[in-house]
Amino acid sequence: MNLRLDKYLADFTELTRSQAKKEIREGRVQVNGETAKTGNDKVAFSDSILWDGREIRGQQYQYIMLNKPAGIVSSTADDRDETVVEYIRKHFPVGMESVLEHSQTPTFLAKDLFPVGRLDKDTEGLLILTNDGELAHRLLSPRHHVAKKYFVQLDKDLNTTDVEKMRDGVDIGEKRLTSPAVLEILAPREAFLTITEGKFHQVKRMFAKLGKAVTYLKRVEMGTLVLDESLAVGEWRFLAEEEIQNLASSG
């Protein structure tokens, strides 16, 4: 894929499009060792692009795994709370190790990143951020039934009847019962719950229907992607190519 040079710089640096054009006119941008003449020049992601001697590495699509902390919201903008996108930008690239080779690691985050689905403000765990709308649609589309697995802590003990009710579907006030869910009891008040839907506050509403309140919630899997155990809460990394390919075939 080829992009105009001024757009490439605007997409993968802090420059605006007009600022990028000015930098190019002033001879401060080199492409494959040659000083660029105009922002109309077409460049590829494989090209060597320098701005004031600094290499600018871009990617058409970026894919990020975040171990989301509680207290931030899963959106691109919010009037009251910090969003996951703002959080990622604030912490890029300090202390974050990418699984990509250095030569492939982008210099800047894409400006159009968004979270794939939502985690409640007080929920922790696996959240994917990308600018790949096609992949996001596949992961969120009801017809693909992409599984999402959560670790849950509750205020009351679980039992085998709860397992059966989750498997049969729960009435949470929607037109239909929830799709069959898999409840794995780990301890009297701890479990994994795997669902294939993404209704508003669904996990909390399902357990509430069983007479139990969720006291802690963490997503640990989405489709083929498993939360990296090496990521502390609040840490993130870029996905490996194999992880991206596997996600694309989820569901």
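Where is Asp52 found?

1. Asp52 sits in the loop between strand S5 (49–51) and strand S6 (54–55); strands are DSSP runs of E of at least two residues and helices runs of H or I of at least four, numbered from the N terminus. This is a predicted model, where local features need pLDDT of at least 70, side-chain atom pairs count only at pLDDT 80 or more, and totals for chains, interfaces and linings use all residues. Residues are numbered from 1 along each chain as its sequence is written, and side-chain values use heavy atoms, leaving out hydrogens and water.

2. Two backbone angles deserve a look. Most residues other than glycine have a negative phi. Asp52, not a glycine, has a positive phi of about 55°. His145, in the loop between H4 and strand S10 (148–154), has a positive phi near 50°.

3. Lastly, helix H1 (residues 5–12) and helix H2 (residues 17–25) pack at an angle of about 120°, with axes 8 Å apart; axes are lines fitted to C-alpha atoms over the stretch in contact, and angles run from 0 to 180 degrees between N-to-C directions. The contact includes Leu5 and Leu9 of H1 and Ala20 and Ile24 of H2.

Terms used. Contact means heavy atoms within 4.5 Å.
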